[in-house]
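Me: Could you take a close look at the salt bridges here and walk me through them? I'd like to know which residues pair up and how buried they are.

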Amino acid sequence: MEKRIFAAVLVSIGLLWLWAAVAPKLFPDLAKKPAPPKPAVTATTTTAPAPATTSSVGAAAPGRAPESGHADTPAPVTPVAAAAVTITTIDTPNFTTRLSNRGAEIVSFQLKRYTAKDGSPVELVKARDPNRTDFPFAIEAADTAFAQRANSALYEVTDRSDKGARVLQYRWSDGRFSVTKTFRFTNEYLFDFEAIVTPHTPYRLAIGPGIRTLEKEEKDSQFIITGNGVVQYNDDLKVIAREKSDRVNIWPAVQFVGVEDNYFLTVLRPSKAGGAVIRAVELPAENNQNRRELYAALTATPSGVVAGSAFFGPKETYTLDKYDLERTLQYGMFGVVARVLLVALTWINKWTHNYGFAIIVLTFIIKVVLYPLQHKWIVSMKKMQKMQPKMEAIKARYKKAKSDAEQRQKMNQEMMKLYQAEGVNPAGGCLPFALQVPILWGFYNLLTHAIELRHAPFILWIHDLSAKDPYYITPLLMVVTMFIQQAMTPTTGDAMQRRMFMIMPIVLGWIFKELPSGVVIYYLMQNALTILQQWIMNKWWKDHPDDKSVA
């Protein structure tokens, strides 16, 4: 009897094993799990009443996750989940953001005071496949299965007001892990965030990929930053170039970490975090070519908490100064000059109501300030022109002694005596040009980085002073004025030097044709005013031939 029971058990086990192996092939439909019903989408819209501080959580994305295992097997917890997708809208004077309870992530962050070329608000959440779950504030974890569940789950939402702020709390649990994310919004760009995962498993919160969807002109421009990483630690700012970034950059502690372009910035400022990461991934782009993009993330503390404030907004000088993010506004080598020019342009624009005319007015002011030096340069060039026969005579005397160092030294000494006798400084003509270099460079950095001038129109065909002239008319006019200026300016030096100078307008025109039209307008106006000054000078010089009368 016992043998029969034992044999029956073996046969039953064998039949069950055979059914498990064969049934999916014979009846494939039985192997499929029924698809859950598609949840309905609901929406709530409100306005955050008061100013605030914040932080934002990054989006999970393909790539490396924290390099460690999770904690011991956690004790069971009560499952928590919502039944439907809920989109919550936060509307403030500066921005409108939309948060989804799927993953408790930001799916849209639009700036009200800044527009794209088509007139729509600037969207700081880069467009992506709607099936992806790597929107800002998603989770990246060593336990990838947990991260996928946490980022695709429907969180329960609690929406409340607290001291003038709008507070959203998202809760979810799969019975093993619990995740709580809290956001606090006010009328400020800065907003607070907190994420808690229990029991602890290594994870981080990330923002990215990149920052906003670039317009076609921006993608093609070599002067536009298209999603660099930025991190500040120990009061030292470091920029991570998108195209040259290592796969993973890790810091144990930071003041903030994020992604930037020329005009906009998204950063996380931790109050509780175990470190920061900027990592690169290759994502599908246009023409079936992958494009390198950066994610910025904060790592959780050993207690499973990531908290702080986030800034999603424009790189306005005043705004960045307000939130201690001013170092991200980089005007290059002559940053001080650029800031002075920005203050001046902003002040002049209060009367002109057009930044193009403000540039013209500021150019005139700069010309007046530099007039004494430029006047001396013109006088010096006139004197040099009159001295030319004497200089050629000295060179002729030593023509046969070019290889004799002693004779060359004597020739230079005679030339210096001639300069002293005529009251001419041969290096005097370099100073006005040397002063123009930082101003010109400051204008360039100003027009490519100052959001106050982004999409600022001028007149006629110039609709954006921060973009190049679409028809290259102003660069062509600049070249013409340079030729006119050369024709009117006293010439010195040998024939070879003069021919080289004649090529310069063409070379500069080729360089300037791709620069912001505001920079070209500045240089064009400088040339026009110099031509006017030279014309007056030439006419005045004829009536006062004595050198001393014009010194």
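Reply: First, the term itself: a salt bridge here is a side-chain nitrogen of Lys or Arg within 4 Å of a carboxyl oxygen of Asp or Glu. This is a predicted model, where local features need pLDDT of at least 70 and side-chain atom pairs count only at pLDDT 80 or more, while totals for chains, interfaces and linings use all residues. Residues are numbered from 1 along each chain as its sequence is written, and side-chain values use heavy atoms, with hydrogens and water left out.

Searching the whole structure turns up 20 salt bridges. One of them joins Glu282 and Arg247, at 3.9 Å from N to O. Glu282 sits in strand 17 (residues 275–284) and Arg247 in the loop between strand 13 (236–240) and strand 14 (248–251), so this pair ties together parts 35 residues apart in sequence. Strands (E, at least two residues) and helices (H or I, at least four) are DSSP runs, numbered from the N terminus.

Now for burial: buried means under 20% relative accessible area, exposed over 50%, and partly exposed in between (1.4 Å probe, protein chains only). Glu282 is partly exposed at 35%, and Arg247 is partly exposed at 42%.

Then there's Arg212 with Asp261, whose closest N and O atoms are 2.5 Å apart. That pair links distant parts of the chain, 49 residues apart: Arg212 is in the loop between strand 11 (203–207) and helix 4 (216–220), and Asp261 is in strand 15 (residues 256–261). Arg212 is buried at 3%, and Asp261 is buried at 0%.

Arg166 and Asp159 also meet, at 2.6 Å from N to O; Arg166 is buried at 3%, whereas Asp159 is partly exposed at 37%.
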